[in-house]
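This report describes helix packing, annotated spans and aromatic ring pairs in the structure shown below.

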Amino acid sequence: MLTILALASVILLGIVPQQSEGIVIYTGWERHALVGSDIRLSCSFFSWRWTSDDVTFSWSYRSDGARDAISIFHYTGGAPYVDNKGPFRDRLEFVGNPGRRDGSILLKNLDYGDNGTFTCDAKNPPDIVGRASSVRLLVFEKVPIQAGVITGSIIGAVLGLLLLIVVIYYFMRFLVARRVFNLSVSKHGKKGKGKEGSQQRQGPTLSIGDPSKLKAAASEKKKQESRKDKK
Amino acid sequence: MLVLLAGIFLLHLTSIILLLVATIDNAWWMTKTMSTDVWARWILTNGTWSSNDLPSYYPQEYLQAVQASSILACIFSSLGLFVFVGQLFTLSKGQRFTFSGIFQLIACLCIMIAASIYTDIFHKKELDGWYGHSFILAWISFAFTFISSIIYFVLRKKTAN
């Protein structure tokens with residue numbers, strides 16, 4: 001019984017990594033940037049193997065109007081090789097950390113001609129089977145407001161304000177109720193000690209509180225009586 | 001008394017429905033081949049309607065303000081309905097339905113803001129085209145929510161629970 005279990009677990013452990021072998025590359029989906037600014041295009045990967053010393057990163061660029069992609073960056077054998085002849089010469093810098101699986105590049109001084117698709121392909125020998133990932137770069141004169149940001153913030157602010165008002169209202173009611181409760185408790189509690197003294201001390205507060213309450217009670221009684229008369 | 005209550009409830013419900021239609025349906029401005037609004041633009045090509053994005057020259061801040069305030073009007077009106085039903089059971093005799101009235105008034109304010117911004121900013125120079133049913137329903141629901149809130153402010157609870 002135990003041997004069968006051990007065999008089964010070994011077989012499963014043997015099967016599972018093989019099915020999940022393969023490198024998964026992550027870049028962004030779309031990046032927006034202003035003309036003249038710098039942008040960091042990130043690329044990282046997931047692999048079941050340890051990061052090998054022969055890990056390679058390569059970036060290629062396909063302009064919006066072009067049909068083919070050109071290679072603009074390659075990292076291999078521990079050294080980065082940046083574009084020195086193409087559209088990004090002197091504008092490309094390697095800012096990644098291959099030891100930490102980061103193959104990001106920095107593009108400087110962007111122009112409208114840099115609109116296009118950047119593809120990152122990473123290989124971690126012996127884990128080489130994987131799909132390259134692409135990120136689209138959009139260069140704007142003025143960064144547009146994303147759809148729904150203003151909408152969401154207006155709705156959130158108004159509903160938050162409503163919630164705040166409701167909370168404050170119930171808190172004030174709770175405070176007033178507690179104050180009334182404290183007054184009534186202390187009034188009953190000090191009856192034994194001496195009515196006049198306690199009443200004198202609590203006189204001002206009761207007189208402020210009482211007349212309005214008495215008036216409210218009287219008006220309620222009047223309303224109820226008038227309704228009873230009407231009926 | 002019950003008839004009055006049913007009528008008021010129905011008025012509130014109608015205003016919610018009108019607000020929802022005005023907010024959700026993309027028909028604030030229409031032409032023969034286009035029905036556009038605060039969310040998307042429907043264009044009629046070869047006998048079929050297809051959904052497109054709104055043009056990018058729309059001023060984004062005003063568009064999103066219209067979206068936000070029409071949604072807020074729907075939210076406040078719906079909350080007001082629940083507040084009204086709750087107040088029916090918790091109010092003591094002789095008291096007014098102030099909270100329900102306040103919610104309906106805020107909804108009225110919000111849809112007025114939405115419709116006013118839309119009227120003043122969008123489609124001012126386009127001559128061919130007319131205001132669609134969502135726009136008209138937005139203004140009608142403004143009137144309904146206003147009347148509804150006035151009724152709530154004036155109404156007093158007659159029967160005790």
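Helices α1(B) and α2(B) cross with a left-handed sense. This description, like everything that follows, rests on a predicted model. Helix α1 covers residues 2–24 of chain B, and its axis lies 9 Å from that of α2(B), at an angle of about 160°. The two helices are therefore roughly antiparallel to each other, given that angles over 145 degrees fall in that category.

Helix α2 (residues 60–90) of chain B also packs against helix α3 (residues 98–121) of chain B, the axes coming within 8 Å and crossing at roughly 160°. That angle makes α2(B) roughly antiparallel to α3(B). The crossing of α2(B) past α3(B) is left-handed. Sorted by class, the residues in the contact of α2(B) with α3(B) comprise 20 nonpolar and eight polar ones, with no charged residues.

Helix α3(B) in turn meets helix α4 (residues 133–154) of chain B, where the axes come within 8 Å and cross at roughly 155°. The angle makes α3(B) roughly antiparallel to α4(B), and α3(B) passes α4(B) in a left-handed crossing. In the contact of α3(B) with α4(B) there are 14 nonpolar and 10 polar residues, and no charged ones. The table gathers the axis geometry of these helix pairs.

| Helix pair | Axis separation | Crossing angle |
|---|---|---|
| α1(B) and α2(B) | 9 Å | about 160° |
| α2(B) and α3(B) | within 8 Å | roughly 160° |
| α3(B) and α4(B) | within 8 Å | roughly 155° |

Annotation from the sequence record can be set beside this geometry. In an unreviewed entry, UniProt places the feature "transmembrane region" at residues 64–85, 97–118 and 130–155 of chain B. In the model, residues 64–85 of chain B are 100% helix and 0% strand, with the end C-alpha atoms 32 Å apart. Residues 97–118 of chain B are 95% helix and 0% strand, and their end C-alpha atoms also lie 32 Å apart.

For chain A, UniProt lists residues 145–171 as a "transmembrane region", again from an unreviewed entry. The chain over residues 145–171 of chain A is 85% helix and 0% strand, and 39 Å separates the end C-alpha atoms.

Over all chains, a search of the whole structure finds 23 aromatic pairs. One of them joins A:Phe57 and A:Tyr75, whose ring centres are 6.4 Å apart and whose planes stand at 65°, so the pair is edge-to-face. A:Phe57 belongs to strand β5 (residues 56–63) of chain A and A:Tyr75 to strand β6 (residues 70–76) of chain A, so the pair ties together parts 18 residues apart in sequence. Both A:Phe57 and A:Tyr75 are buried.

In chain B, the rings of B:Tyr57 and B:Tyr58 have centres 5.9 Å apart and planes at 70°, so this pair is likewise edge-to-face. B:Tyr57 is exposed, its relative accessible area being 60%, whereas B:Tyr58 is buried, with a relative accessible area of 4%. Ring pairs also link B:Tyr57 and B:Tyr58 into a cluster with B:Trp28, B:Trp29, B:Tyr118, B:Phe122, B:Tyr131 and B:Phe135.

How values were computed: Residues are numbered from 1 along each chain as its sequence is written. Chains are lettered from A and ligands numbered from 1 in the order in which they are written. This is a predicted model: local features need pLDDT of at least 70, side-chain atom pairs count only at pLDDT 80 or more; totals for chains, interfaces and linings use all residues. Side-chain values use heavy atoms; hydrogens and water are left out. Rings of Phe, Tyr and Trp (its six-membered ring) pair if their centres lie within 6.5 Å; planes under 30 degrees apart count as stacked, over 60 as edge-to-face and the rest as tilted. Helices (H or I, at least four residues) and strands (E, at least two) are DSSP runs, numbered from the N terminus. Buried means under 20% relative accessible area, exposed over 50%, partly exposed in between (1.4 Å probe, protein chains only). Axes are lines fitted to C-alpha atoms, for helices over the stretch in contact, and angles run from 0 to 180 degrees between N-to-C directions. Angles under 35 degrees count as roughly parallel, over 145 as roughly antiparallel, 65 to 115 as roughly perpendicular and the rest as oblique. A crossing is left-handed if the near helix is turned anticlockwise from the far one by less than a right angle, and right-handed if clockwise. Ala, Val, Leu, Ile, Met, Phe, Trp, Tyr, Cys and Pro count as nonpolar, Asp, Glu, Lys and Arg as charged, and the others, Gly among them, as polar. UniProt positions are given in the numbering used here, feature names are shortened, and annotations may be inferred rather than shown by experiment.
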